[in-house]
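Visitor: Could you take me on a close look at the aromatic residues and the core around them?

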Amino acid sequence: MYSTDLLLKIPKSILLTGISGNDGKPISAIAWKALLSIMYFFHERDHCEITVPITILHMMFGYYSNSECNRNRSHHIRRILSHLEDLAGQPLVFGRHRKNNTSGMICIESVQADIRSDQCSVTFSPSFIQYWKRNTEKTYQTLDLQNLYPLHTRPSVILYLRCVVSNSGVITLSAEALAKLLTGDPDYPYKLLKKDKIRPAIEVIYSNAGFRIHFKEIFRGQKVQKVQFTFGRNQVTQNDG
């Protein structure tokens with residue numbers, strides 16, 4: 001069984017840029033949580049394969065063994081495994097790759113799951129393990145996964161991870177960088193980004209993880225040039241963005 005404190009050291013470079021596929025689209029909320037869940041158990045990072053009980057993954061996501069969840073247990077498990085399998089063999093773009101618009105790195109080589117035996121085996125690429133190990137020895141952020149699991153939308157997961165990497169509790173992103181982070185498209189219209197991504201994500205983060213995010217728009221002329229986020233637990237602020 002896992003600890004009640006699900007603390008994981010994550011390379012800051014991954015949190016700063018997010019993770020996307022070669023198509024530029026960010027990976028799903030479930031894929032994020034599944035990937036980090038597997039890495040939580042990866043204590044010996046010189047090895048490239050780890051086997052985790054599927055039941056533990058299921059419970060970490062918050063689907064506990066009550067009668068209501070048991071009825072949908074198979075569906076929940078297959079969703080988690082499906083999103084994890086989607087990452088296998090796919091080059092993922094993050095860190096300097098995403099900043100420089102270069103091709104990514106295959107992180108997961110294969111996923112083998114046997115629901116009957118309650119085992120999920122994930123084989124990572126040696127290059128990803130080296131990257132993770134090297135960067136968690138240098139610049140990393142410690143994240144409590146328990147705050148991440150209740151976030152069920154892609155924008156809420158991405159925005160939460162981007163905010164927690166800030167030591168000051170304040171981050172400022174250009175409108176284009178924010179659009180790329182949340183949607184993969186730097187030209188995504190800001191008006192729609194605010195309405196469909198930013199505001200709902202902030203509400204999900206507050207409702208499910210107890211963190212308040214205040215955002216302020218910085219204009220150049222009539223156009224939003226940058227967006228500043230102020231982030232903190234139980235921080236009582238009004239969102240005037």
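Guide: Happy to. A charge sits over a ring if NZ of Lys or CZ of Arg is within 6 Å of the ring centre and within 35 degrees of the ring normal. Here, arginine 212 lies over the face of tyrosine 206, 4.1 Å from the ring centre. A word on the source: this is a predicted model, where local features need pLDDT of at least 70 and side-chain atom pairs count only at pLDDT 80 or more, while totals for chains, interfaces and linings use all residues. Residues are numbered from 1 along each chain as its sequence is written, and side-chain values use heavy atoms, leaving out hydrogens and water.

Now to the rings. Rings of Phe, Tyr and Trp (its six-membered ring) pair if their centres lie within 6.5 Å; planes under 30 degrees apart count as stacked, over 60 as edge-to-face and the rest as tilted. The structure holds 11 aromatic pairs. Phenylalanine 229 is buried at 0% relative accessibility, where buried means under 20% relative accessible area, exposed over 50% and partly exposed in between (1.4 Å probe, protein chains only). Phenylalanine 215 is likewise buried, at 0%.
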